[in-house]
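Colleague: I would like to go through a model with you and learn how its features are read. Could we take the topics one at a time, with the general idea before the particular case?

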Amino acid sequence: MELAVEMIVTYYDWANVRGSYSNGSVLPGAIEDLCSATVRENAELAVRRIEQVCPADSELSDASVALASCLVHATWSRSEISLDLILGLLDDMATGQGEVRGDDEYLDVRAKFLREVCRGFPIYVELLETHPDHDVRTACIDLISICGLFDKSLTERAAWVLGAAKKLERMEEFHSLIDASIDDLR
């Protein structure tokens with residue numbers, strides 16, 4: 001595993017980080033396996049291990065916040081095999097939060113999670129502009145929009161980036177998704 005991911009993974013006390021159904025002690029190994037996978041099946045297995053602690057269709061938890069932090073860092077130093085899975089996890093967790101509770105504790109966890117997702121804004125933009133994979137680009141459009149919706153200082157920039165992306169080569173198939181995202185941002 002790359003040093004940047006290793007450093008952020010060791011920042012958290014995973015045994016005391018609660019997920020939806022268990023503590024986060026399995027997450028460091030699963031994150032490492034996801035980032036360093038050289039075979040797609042191993043990356044997918046790592047995602048399943050992660051989803052046992054942080055299911056995308058469940059409420060966000062402290063483990064979700066720590067996981068988001070590690071996954072954002074992992075986008076810089078992951079294997080190519082796992083990139084779409086990493087972005088997909090971030091996207092699914094950010095958009096599939098189950099029924100959102102309105103209590104202060106949950107809103108605080110949700111805000112912490114989205115702040116971690118927003119730290120990846122520059123790489124989502126870079127990947128949208130340069131990566132040829134359809135799933136990577138789709139996730140980046142969603143993540144750029146999510147960043148703009150959560151962080152008001154990114155709203156205008158997110159709308160501009162998405163509008164500019166429509167002019168890139170091979171982006172025709174994304175125009176309706178981009179238009180919907182821009183509408184959400186306005």
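Predicted model: local features only at pLDDT ≥ 70, side-chain atom pairs only at ≥ 80, totals over all residues.

Colleague: How many of the residues of α5 are buried?

Modeller: Burial here means a relative accessible area under 20%. In α5, 11 of the 13 residues are buried, so this helix is largely enclosed by the rest of the structure. The buried residues are L83, D84, L85, I86, L87, G88, L89, L90, D91, M93 and A94, and what covers them includes α2, α3, α4 (62-74), α6, α7 and α8.

Colleague: What span does helix α9 reach, and which of its residues are buried?

Modeller: Helix α9 (residues 152-165) has 14 residues and reaches 20 Å from its first C-alpha to its last, which is close to the 20 Å expected at 1.5 Å a residue. Its buried residues are L154, T155, A158, A159, V161, L162 and A165, and these pack against α6 (104-118), α7 (121-130), α8 (134-150) and α10 (175-185).

Colleague: How should I describe the way two helices such as α8 and α9 lie against each other?

Modeller: Two packed helices are described by the angle between their axes and the distance between the axes. For α8 and α9, the axes come within 6 Å and cross at roughly 150°. On the α8 side the residues in contact are I141, I144, C147, G148, L149 and F150, and they meet K152, L154, T155, A158, V161 and L162 in α9. Sorted by class, this contact has nine nonpolar, two polar and one charged residues.

Colleague: Where is S145 found, and what does S145 touch?

Modeller: S145 is found in helix α8, and at 5% relative accessibility S145 counts as buried. Leaving aside residues up to four places away in sequence, S145 touches S181 and L185.

Colleague: Let us turn to charged side chains. How many salt bridges does the count come to?

Modeller: The general idea is a distance test, in which a side-chain nitrogen of Lys or Arg has to be within 4 Å of a carboxyl oxygen of Asp or Glu. By this rule the count comes to seven salt bridges. One of them joins the side chains of R49 and D33, at 2.6 Å from N to O. R49 lies in helix α3 (residues 40-53) and D33 in helix α2 (residues 27-36), so the pair ties together parts that are 16 residues apart in sequence. R49 counts as partly exposed at 25% relative accessibility, and D33 is also partly exposed, with a relative accessible area of 32%.

Colleague: Which residue forms a salt bridge with D108, and how far apart are the two along their helix?

Modeller: D108 forms a salt bridge with K112, the closest N and O atoms being 3.3 Å apart. Being four residues apart in helix α6, D108 and K112 are separated by about one helical turn. D108 counts as partly exposed at 36% relative accessibility, and K112 is partly exposed with a relative accessible area of 36%. Elsewhere, salt bridges that share partners join R40, E44 and D84 into one network.

Colleague: Where is E80 found, and which side chain does E80 meet in a salt bridge?

Modeller: E80 is found in the loop between α4 and α5, and its side chain meets that of R78 in a salt bridge of 3.7 Å, N to O. E80 is partly exposed, with a relative accessible area of 47%. The C-alpha atoms of E80 and D33 are separated by 13 Å, the two residues being 47 residues apart along the chain.

Colleague: Finally, how many disulfides does the structure hold?

Modeller: A disulfide requires a pair of cysteine sulfur atoms within 2.5 Å, and the structure holds zero disulfides. C54 is in no disulfide, and the nearest cysteine sulfur, that of C70, is 10 Å away; C54 is buried, with a relative accessible area of 2%. C118 is likewise in no disulfide, the nearest cysteine sulfur, that of C147, being 3.9 Å away, and at 10% relative accessibility C118 counts as buried.

Methods
Residues numbered from 1 in each chain as written. Heavy atoms only, no water. Expected span 1.5 Å × (residues − 1). Buried < 20%, exposed > 50% of the residue type's maximum accessible area, 1.4 Å probe, protein only. Contact = heavy atoms within 4.5 Å. Axes fitted to C-alpha atoms, helices over the stretch in contact; angles between N-to-C directions. Nonpolar A, V, L, I, M, F, W, Y, C, P; charged D, E, K, R; others polar.
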